[in-house]
Amino acid sequence: MNRDHADVIIIGGGIIGCAIAYNLAKRDIKPLLIDKAPTVGTEASWAGAGILTSHASTHEPYPTLCRASLERYPVLAEELRAETQIDIEFIQSGTLSVFFNQAEAAGLIGLADRRVKRGFSAEVLTPEQAWQLEPALSKSIVGAVLFPEDAQVRNPKMVTALAKGAAKLGAKFRLGNPVTNFVKESGRVIGIVVNGETLYADTFVIAAGCWAGTLMTQLGVPIQIEPVKGQIVLIETMPPLFQHVVDGLDIYIVPRVDGKVLLGATVEFVGYDKTATVDGAKQMIDAGITIASQLADSAFVQTWAGLRPYAKKGPLLGYLPGYDNVVLASGHFKNGILLAPITGQLIAELLTTGQPSLPLEPFQPEVA
Ligand SMILES: Cc1cc2nc3c(=O)[nH]c(=O)nc-3n(C[C@H](O)[C@H](O)[C@H](O)COP(=O)(O)OP(=O)(O)OC[C@H]3O[C@@H](n4cnc5c(N)ncnc54)[C@H](O)[C@@H]3O)c2cc1C
């Protein structure tokens, strides 16, 4: 890269943009990453709960993508620790999904069956077996399913580690100003405008989360990516109350190693509003206390909200229609933390060899 011309410019420094930067840098491409915020990972990638769920979906090829990404985590965690001295707190804690009635049981046991048919593990437990694993669980549960392959990661640390790892390998960062426009020549994108300055590159990656749609509109490609608000309540239980991620009653409980516990998350189609509301917190707290009454005694720490990037056909990974040098990587919705390792790898392979190791056709960005 010379002073004004990068090989690749990545727009967006969330977990997806940083994973792409890291994977490109590993392949000797030194990208320039641009974010509107003064540091990387301030949006959904900071707000997320960091659950890495092996049962994210039952419709192929999405589960294959999820599984491939989850499988990369143990090695990636060690690699990042060695290269950046950051522990991303990858823990294969498993998920315990609890049910309170027969209708919930039928849904979860059906899911467990489908998971097992796809080669994952899932174990249906009696209430007694569930209480043995997690003694704090309510005496009103009528059973649970254990998904032992599920894991968790501390996502803010993961974004920092990916960015630091990429920087060590030569990636450059320009933070604190949004990309406001594209510069085109003969129908091709040749540059972007940041703070009134044009920055040039051969290839551009749009990894701008739920803001990607605005950038694509500027390119005349109306692919919709919507923000979907998720609220989280952070509490502290010392000594730790749970070992597993626990879910039920439309919420999840994520125990961190430091005794903090996340209760999440709402799913709200309310535009770009990131207000953490009393009602949102109440939903999480009420359901949490129903699952484990002892949570009522824990210390309240804080609440927050973030905006998941939702695309109907998402995630969307590949060249934008009509452009041979603009790639989109967004629309990961509820699973962007899970899918970051595989997304980074596949987009880097697409840009360096043209041959991603998993087919990207099913995830091709298309105008509806
Ligand atoms: C409450 C909540 C819980 C979640 N829980 C989980 C979970 O447990 N597991 C999981 O896998 N996923 C989870 N997710 C989803 C996950 O967080 C997202 O899918 C993921 O973070 C998306 O990453 P991203 O990099 O695409 O977007 P973002 O993290 O939003 O990053 C986009 C970046 O682009 C930048 N940007 C935007 N426009 C511009 C511009 N014009 N110029 C320059 N920069 C720009 C932004 O500043 C931002 O840094 C959760 C999300 C939320 C909100």
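1. A quick word on terms before the notes: strands here are DSSP runs of E at least two residues long, numbered from the N terminus. D250 sits in the loop between β13 and β14 (251–255). Please keep in mind that this is a predicted model.

2. While you are at D250, have a look at its backbone: phi is near 65°, a positive value in a residue other than glycine. Most residues other than glycine have a negative phi, and most peptide bonds are trans.

3. Two cis peptide bonds deserve a glance too. One joins M238 and P239, with omega about 0°, and P239 belongs to the loop between β12 and β13 (245–248). Another runs from G314 to P315, again with omega near 0°; P315 lies in the loop between β16 and β17 (316–319).

4. Now to the ligand. Its shell counts 42 residues, and G14, G48, G209, G230 and G336 are the closest. By class, 21 of the shell residues are nonpolar, 16 polar and five charged. Domain 1 (5–87 + 155–225 + 312–363) and domain 3 (226–310) each contribute at least three residues. Elements supplying at least two residues each include α1 (15–26), β12 (226–236) and α9 (336–352).

5. Finally, a helix pair: α3 (residues 62–84) packs with α6 (residues 155–168) at an angle of about 55°, their axes 10 Å apart. That angle makes α3 oblique to α6, and the crossing is left-handed. On α3 the contact is made by L80, E83 and T84, and on α6 by A161, K164, G165 and K168. By class, this contact has two nonpolar, two polar and three charged residues.

Technical notes
Residues numbered from 1 in each chain as written. Predicted model: local features only at pLDDT ≥ 70, side-chain atom pairs only at ≥ 80, totals over all residues. Axes fitted to C-alpha atoms, helices over the stretch in contact; angles between N-to-C directions. Helix = DSSP H or I, 4+ residues; strand = E, 2+ residues; numbered from the N terminus. Parallel < 35°, antiparallel > 145°, perpendicular 65-115°, else oblique. Left-handed = near helix turned anticlockwise from the far one by under 90°. Contact = placed C-beta atoms within 7 Å. Nonpolar A, V, L, I, M, F, W, Y, C, P; charged D, E, K, R; others polar. Near = placed C-beta within 6 Å. Domains from an automatic or database assignment.
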